[in-house]
Amino acid sequence: MATLVLQAAGQSVGTFLGGPLGGVIGRAVGAFAGQAIDGQLFGAQAREVEGPRVSDLQVQASSEGSPIPKIFGRGRLAGQIIWATNFEEEISTRTEKSGGKGSSGGTKTKITEYAYYANFAVGLCEGPITRIGRIWADGKLLDQSALTIRFYRGSETQTPDSLIETKEGTGNTPAYRGLAYVVFDRMPLERFGNRLPQLSFEVFKSLDDIESLITSVNIIPGTTEFGYDTTEITRSAGAGVTLAENRHTTQEQTYWSVAIDQLLGTCPNLTSVSLVVTWFGNDLRCANCDIRPGVENRGKITTPESWLVAGETRSSAHLVSVHDNRPAFGGTPTDASVIRAIQDLKSRGLKVTLYPFLIMDIPADNALSDPYTGNSSQPVYPWRGEITCNPAPSASATVDKTAAATSQINSFFGTSQISDYSISSGVVTYSGPVDWSLRRMILHYANLCVLAGGVDTFLISSELRNLTQVRDSAVNYPAVNLLATLAGDVKSVLGASTKVSYAADWSEYFGHQPQDGSNDVLFHLDDLWANSSIDFVGIDNYMPLSDWRDGDNHLDRQNGARSIYDRDYLKSNIAGGEGFDWYYASDSDRTQQVRTAITDSTYNKPWVFRYKDLTNWWQNSHYNRPGGIEDATATAWVPESKPIVFTEFGCPAIDAGTNQPNVFFDAKSSSSAAPYFSSANRDDFIQRRYLEAMLDYWGAGNSGVNPANNPTSSAYGAPMVDYGAMSIWTWDARPFPAFPFLTSIWSDGDNWERGHWLSGRLGAVALEPLVRTLLEQFGFDRFDVSNLEGIMDGFVIDRPMSVRAALEPLGRAFLFDAVESEGVIKFRHRNEDVIGQLVPDDLVVESADDREFTLTRAQETELPNGNKIGYIDSLADYRRASVEARRLVGRSQRQSTSDMPIVMAQSKAQSISDILLQEAWAGREKADFTLPPSFLRFEHGDLIEFNTGQNNLSVRLQEVG
């Protein structure tokens, strides 16, 4: 059996997929062949395959017999004009009078003007598609709100367009079933020189692997003065110039309206949203912390409304601090905009949660004593969960477990009462004492919700982890008691039909187990969860789903996980792995993977220590253990009495994001961090895999909930976790791509690249469903694509072709092969495990003239010195673009080029180009040898370790002769 073998390359190549998978790809990058299977799948045996081109699909035409493109994910198409009428001419006349100075007469001039309108339809691509986004006319964005446009998704049941039917007659009008198309009804042509403009359309086609499963999202930013408003607000720029404050697109709609349209178009089964509204805290010491609405500058003049929140005007509100010579945050949403946003969401049929949110505005030049260390300044823009008593429980001379703790926490909550609020003339009025506290914020928004017509759910705050763990005695938690009282007050304002809860941090919800040698095990939030005013257990769930490291020499890889993107691996860690089976006792243990099993030798209740063991926590009575001794009486928690709601869950789009989903990357914040063992490179695919694992595990979209994962309550007859209310963090009310790319307007745009945002990422297409769909469309049913990993913004097929031609650019970009094995076409990346070893004694010699092993090496002049690829730039209005990788040494003058019909960002395209160039050089060595029939277990594409007697080669079987 003669076999072509390519030597594996080193790990110096950058990764396209990102994360540890990329490192493995780097090692195997020289093994690409692209000739794995021929026959029916890939057409005739050929070395040259012409696949989809980065063709000019953005030039509109009307040509008989033109191919109908296929699009997956998102892209930009011009399409073909498939129907049109003659221009409609509209004639108008007017008379103007003219005459000389002092003249009593004058000349009358009759002026006749002509306006033209076009009725036409543009066929785009094969349907059904998800939605149409932006439209360009002659290269400029078109304001769709000023036109009459009808969009047909291309379903097999769509009916004829009413205008076409009116013109052509009933029974003579095709419905164009299976074709996505757009109809323009009386489009004015004056601005286009009385001609049809060149139109192109942003087209989205979801393959429904997660978008259709999403039922709830959080909406941010909570820091946007008019960003939630359905009414356009302008601001004065001086000298009589006004600028748009909340509309930075060519459309007449505010960016709130555009962003929510995008959300509903992307997630067709969305039923609820959680609207975040932010006030600002200014001190980690709870007794010193004012909580106030803020503005980004004092001098802004807006029309037709001025900023007003809780009675504060722009001149009296908290002024947000400055970072890099610009406001560190936007301002608090004005009350009127919050009311209109709630009403708009409800009018769209969505359930609304109002989520008051606290951001710590503590700049770098602060002179505030740190309650944890006693230092003369506090951390910069820290997490609200760090608010605590002063000194903190971990500090010497702490006030924890003393009456002073109660006094400090009382100051944080404040004295605002229900009776201090009234509603009149469309505003909420406060008449109590000056009291910028948590109660002031929460009760204000409870009353604002009443003014808006009510909400479905209200959160009384979130993630006050270190504050809720402060005690005034051995077992009493004053912040918990005050939260319960606040919940009751909110319930009385909003009424029994509104669900009320607190959103606890994932490390907070289940109990307090201080690491101070006391052995205390206390269910400190149980008095809150059991309170009659609390309707569910709210958890901001960012529990880790992996413990992944680069390379193969780490425990999860050795235990059988294929990669960090392995869905089954991630799902197994939702109720397993760290926080369930074991924990790391120290940072050094984490580095060395020294895992300590979670046990309970005294009471045999290990679930008490497992923050991931939601089921046992929910199903069992809770017994406090002060000093490690279990109480005889249970806490107030009643097993299975209330559902659990993930008030937040999500994963940053960063390498190894599932290792630590709770961290975020924000250069200005002291809390900014990359996940454990992360390269900090962008990785959209890990975010998508996280969502797939969570939504599938808890039952979203399933016909039935797996009782082993999500048991049904015997008390209220529904699942433990209300998966319909699982709210993903996060969707932005600033429409993509205006946000994140208008960084001159929004200073947090850079955080999007590796953040938790769904905006600009949902609607992308994962490699696995894309390849599956292509194979199914070509009639293949015996295949396995389960091991394919990767994601792209979009993929375009511009004309009819074989499935081989369609898959070829994907195989090159994502480094996978197709192998026929046991009658099934298996697709796999070239980072699979080594499946066997060879030594020289395994080889056979067919004749005395043969050598048992021949190794040849291509000359440098035969190899490319550069590699250029064309692609579609997803971040530059889908323009055709190219990137190039070049070797800095060598004598070769050759250059390889290829077009890839993949929609992606420049950084991804550059990584592909780098990898392909490295591949060409890493694969310059080949070997020929013969194996006996006993080695027929090896298949095309298998990775094998070959000990030649002089060195070890990692080789891949490429051709069989």
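Trainee: Which backbone atom lies 2.7 Å from a polar atom of the side chain of N624?

Mentor: The backbone nitrogen of F523 does. This is a predicted model, where local features need pLDDT of at least 70, side-chain atom pairs count only at pLDDT 80 or more, and totals for chains, interfaces and linings use all residues. Residues are numbered from 1 along each chain as its sequence is written, and side-chain values use heavy atoms, with hydrogens and water left out.

Start with the place. N624 sits in the loop between α14 (614-619) and β31 (644-649). Helices (H or I, at least four residues) and strands (E, at least two) are DSSP runs, numbered from the N terminus. N624 has 16% relative accessibility, so it counts as buried (under 20%; exposed is over 50%, partly exposed in between; 1.4 Å probe, protein chains only).

Now the surroundings. V521 is 103 residues away from N624 in sequence, yet their C-alpha atoms are 6.0 Å apart.

For contrast, look at S802. S802 lies in the loop between β36 (794-797) and α18. S802 is partly exposed, at a relative accessible area of 33%. The S802 side chain reaches a backbone nitrogen at 3.1 Å, that of A805.

Notes
A polar contact is a pair of N or O atoms within 3.5 Å; within protein, one must be able to donate a hydrogen and the other to accept it, and residues adjacent in sequence count only if both atoms are side-chain atoms.
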